[in-house]
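Please open the model in a viewer and keep the sequence alongside.

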Amino acid sequence: MERISEEEEEEEEEKVLNPTTIKSTLKRRERDCMEEEEEDEDEDEDEDEDEVMSEVHLGCPPNFSGPHLSYFTFPTSLTLQQQQQQQESEIDDDDDAKGEGVISLDEDGDLLLTRRKPNKPSNNCRMTIQHNITSTIPSVGLQVWRAELALADFVLHGIFTSNKYDGITALELGAGTGLLGILLASVAKTVFLTDHGEDILDNCAVNVHLNSKIFENHQASVYVRELDWIKSWPPSVSADILTSQERYKYLWNPSEVEEAENASLLLAADVIYSDDLTDALFNTLRILMSRGSTKVLYLALEKRYNFSLHDLDIVANGYSHFQSYLQDEEECRQLGNGSLPCFVGKNIDLTDIPQYVREYDRETNIEIWQIKYLPSVSTS
Ligand SMILES: C[S@@+](CC[C@H](N)C(=O)[O-])C[C@H]1O[C@@H](n2cnc3c(N)ncnc32)[C@H](O)[C@@H]1O
């Protein structure tokens, strides 16, 4: 996440934290006449007002505020098959030509050239995603982040090479624009896209509508629902007495909560950027993953480095805090009940996952973790 720095009145020098840093217009009040506590509160508020920009949107029109439409393209399994067949037939043609070793001439003695077959029309799938180009930190879910696109590649690879996602129920935490869950809905039975805040959920719902062609043939159910990790699991449910107009549109009903608890797949992209939120997220996961069906979580993150005055070094503190939640599965199982319940994590080798989605740079600081929750074994 690229911080767009705050302007400090007493410091003439602008601090550039990252290449995509731009100045926010906010000014701080005079510090001298402020109480310590007030100052801390204001700093927090200022941080919330800072504008940040995802690197996915670097090509978007600068100084554009408000929602923008971007297109994300990836092959369908049909296109992949066609490309593979085409490559194979080209290899056969080349082999034939080489094998014969004969130069063909027409009746006038002119050389006959073997022409390559024209490329078949590409059948790529195109998603239209409404998003903001910059946002404040509390509204980062209005943008698309690179980890979401890396996780989309991972899910697409699963779709193209297996049927493990066919007909499943899945839930995405911190879904933001909803790109990943919508894509999964092309094969899943039910997908819950969860986030918090009405503006983010409204934007996600718009994207579900814009891309309904991807999943409507196969009649998947896609729900946009509020799940605030601070309030943990289970989320509040709507009272039966309320009419659909009266109830908050992103509220769950009891049967949806039950269905989500029986999901087999959880997804989360770029949700590790504040230690407090990481604590709240893992608290929610602990409850959600210990109820209903056994679940596996795939969590994609961008390992962000910052200079720490405390450590006088470049560190990835948020990443270290995230890792403090994870144990090694083998070790955990060997230690037995003494170390349970626990989260176990495995870093996935992304070199095995082709980049299907074109519109981003998959840099080496992006990681995908497979996370399971091992409950304690009851001895009674
Ligand atoms: C950096 S964005 C990532 C969005 C999307 N997954 C992506 O990668 O494009 C972090 C997401 O976490 C969500 N989030 C932050 N705090 C949350 C909370 N307390 N409960 C639920 N979601 C939260 C944000 O609203 C946002 O959608």
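Select strand E7 (residues 190–195): five of its six residues are buried, a residue being buried if 20 or more other C-beta atoms, placed from the backbone, lie within 10 Å of its own. Helices (H or I, at least four residues) and strands (E, at least two) are DSSP runs, numbered from the N terminus. This is a predicted model, in which local features need pLDDT of at least 70, side-chain atom pairs count only at pLDDT 80 or more, and totals for chains, interfaces and linings use all residues. Residues are numbered from 1 along each chain as its sequence is written.

Ala 170 stands opposite Val 191 in E7. Next select E8, parallel to E7 over six bridges, and locate Leu 193 opposite Val 224 in E8.

Now display the whole open sheet, whose eight strands follow the order E8-E7-E6-E9-E10-E15-E14-E13 with mixed pairing. Its edge strands, E8 (221–226) and E13 (326–327), each pair on one side only. Within the sheet, E10 (residues 296–302) and E15 (residues 366–374) run antiparallel, joined by six bridges; Glu 302 has Ile 366 of E15 as its bridge partner.

Finally, colour the protein chain by pLDDT, the predictor's confidence in each residue, from 0 to 100. The mean is 82, and 75% of the residues reach 70 or more. Over residues 5–36 the pLDDT is below 50. Where pLDDT is low, the predicted coordinates should not be read in detail.

Conventions:
Pairing = 2+ DSSP bridges. Contact = placed C-beta atoms within 7 Å. Buried ≥ 20, exposed ≤ 12 C-beta atoms within 10 Å, placed from the backbone.
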